[in-house]
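Work through the exercises below with the model open beside you. Try each task before you read its solution.

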Protein chains: 2
Amino acid sequence: MSFELHYWPTIQGRGEFVRLALEAANADYVDVARGCEGEGQGMAAMMYFIESPDQVRPPFAPPFLIDGKVIVGQTAAILLYLGPRLGLVGKSETQRLWTHQLQLTIADVVAEAHDTHHPVGTGLYYEDQKKEAAKRAKEFRQARVPKYLAWFENVLQRNPRGATHLVGGRLSYADLSLFQLVDGLLYAFPKATQRALKKAPQVAALHTSVAQHKRLADYLGSERRIAFNEDGIFRHYPELDR
Amino acid sequence: MSFELHYWPTIQGRGEFVRLALEAANADYVDVARGCEGEGQGMAAMMYFIESPDQVRPPFAPPFLIDGKVIVGQTAAILLYLGPRLGLVGKSETQRLWTHQLQLTIADVVAEAHDTHHPVGTGLYYEDQKKEAAKRAKEFRQARVPKYLAWFENVLQRNPRGATHLVGGRLSYADLSLFQLVDGLLYAFPKATQRALKKAPQVAALHTSVAQHKRLADYLGSERRIAFNEDGIFRHYPELDR
């Protein structure tokens, strides 16, 4: 049976971290909200799980994954569940925990990236908080991105199995997510991110190598990969990048 | 051997979610950064793990937990690790995943609570962003807190084993964390939180019942429980509460 991924149909957003894992593992999955309402898919199918009072374990928000009777929300929890099933995490508890810890730290950066364009209210438009966004983005570019990338650089450089992967000697979902984080940062803040990557060469190399992974490269070149846009988490507003 | 909890010594912060689990389970633990430097504890002992180039798996930030050779950072990952060891999570994968999903959603609220007083920069003082904080706090009080509490209320009301606990029929670390979230919100935004709790009676009841748990009550009345203060995540600035 196929995995069902439920996520907003027009943005990469947090769902993309799950899509990359499914695609890299060549998993059989349906991107439900992007499907046809006539086939029981589309937005209505997704919102049912969030809004129906019959849901004993309702997700708070997309993305969520359905696998038979299992329903799981929160990007990092979805990857915790999928990792072993897709062969995208090591076998030991220690490796799994460390991979998850990396993922949670990536999630923290993603939330901060979102807040650069929505510092004072997710319910307001960017246009209504441009002044505040300029302040928040400045700190994000100058302090937060360099700090986070330096940490991932350390993790890669200190990996006893080599700097090609974050954990052990094989591709994990954390590698895919770090690729996506860097890809998003390069889209949103190209100048600042290029600068920061010069001091994090192994992170830059991982970004390049993951993009060359056969199945990932196919996916990234396909129509299944939604383009970055200004409705997503990583938004390119030139005035926020220096 | 004792668990070692490493966290900032003068605030509850994110470390408190781990402390509550350790205390509720009567676990043997050392709160390292609050200990004596002369005994190899204190801040220096904590910072060593973050700053030493010898750390193969350096935590990005406190809190982190050390258990023998295992070192794990990120609050939710620490609880994922401790849950089964402290008897604070169900036995099935489904229960563990759901408990973790709840924890990750609590973590999201905690991050948003922090951003009410630091909307444009963690590196700036609150006094330097009071105007922006007023905007962010308004949305948090009026939209976010009610939405999150309504979701937890649904989760409690739909629990097939009864509304006393979030997952199954026994205390889990998610219950402890929801207690702490509500406790923090009541400290920071007493007016708005009391209002929101009127529409989430099961959440309010859980907050009361967890505080009466024998070992928790002992802890909450002890000197080990640091008081809420304006250096932590939940800060009471009367101008942000309406």
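**Exercise 1. Describe how helix 4 of chain B passes helix 6 of chain B: is the crossing left-handed or right-handed?**

Solution. This is a predicted model.

Step 1. Look at the crossing. Helix 4 of chain B passes helix 6 of chain B in a left-handed crossing.

Step 2. Take the angle and the distance. Helix 4 of chain B spans residues 93-117, and helix 6 of chain B spans residues 173-188. They pack at an angle of about 15°, and their axes are 9 Å apart. That makes the two helices of chain B roughly parallel, because angles under 35 degrees count as such.

Step 3. Find the residues that meet. Helix 4 of chain B brings residues including B:Leu102, B:Ile106 and B:Val109. Helix 6 of chain B brings residues including B:Leu178, B:Leu181 and B:Leu185.

Step 4. Sort the contact of helix 4 with helix 6 of chain B by class. Eleven residues are nonpolar, four are polar and none is charged.

**Exercise 2. Work out what rotation superposes chain A on chain B.**

Solution. 

Step 1. A rotation of 180° superposes chain A on chain B, with 0.0 Å of shift along its axis. The RMSD is 0.0 Å.

Step 2. Locate the axis. Of the residues of chain A, A:Pro119 comes closest to it, at 2.8 Å for the C-alpha.

**Exercise 3. Find which elements give two or more residues to the side of chain A that touches chain B.**

Solution. 

Step 1. Start with the totals. In chain A, 33 residues are in contact with 33 residues of chain B.

Step 2. Name the elements. Two or more residues each come from strand 4 (70-73), helix 3 (75-86), helix 4 (93-117) and helix 5 (130-158) of chain A. Helix 4 of chain A gives the largest share, nine residues.

Step 3. Classify this side of chain A. It divides into 17 nonpolar, nine polar and seven charged residues.

Step 4. Compare the two sides. 100% of the interface residues of chain A are also interface residues in chain B, so the copies meet through the same surface.

**Exercise 4. Trace the contact between the domains of chain A: how many residues does it take from domain 1 and from domain 2?**

Solution. 

Step 1. The domain assignment of chain A gives domain 1 (3-86) and domain 2 (93-225). Their centres, taken over C-alpha atoms, are separated by 22 Å.

Step 2. Count the residues. The contact takes 13 from domain 1 of chain A and 16 from domain 2 of chain A.

Step 3. Examine the side of domain 1. Helix 1 (15-24) and helix 3 of chain A each supply at least two residues there. Helix 1 of chain A gives the most, with six residues.

Step 4. Classify that side of domain 1 of chain A. Seven residues are nonpolar, three are polar and three are charged.

How values were computed. Residues numbered from 1 in each chain as written. Chains lettered and ligands numbered in written order. Predicted model: local features only at pLDDT ≥ 70, side-chain atom pairs only at ≥ 80, totals over all residues. Least-squares fit on C-alpha atoms with pLDDT ≥ 70 in both. Contact = placed C-beta atoms within 7 Å. Helix = DSSP H or I, 4+ residues; strand = E, 2+ residues; numbered from the N terminus. Nonpolar A, V, L, I, M, F, W, Y, C, P; charged D, E, K, R; others polar. Axes fitted to C-alpha atoms, helices over the stretch in contact; angles between N-to-C directions. Parallel < 35°, antiparallel > 145°, perpendicular 65-115°, else oblique. Left-handed = near helix turned anticlockwise from the far one by under 90°. Domains from an automatic or database assignment.
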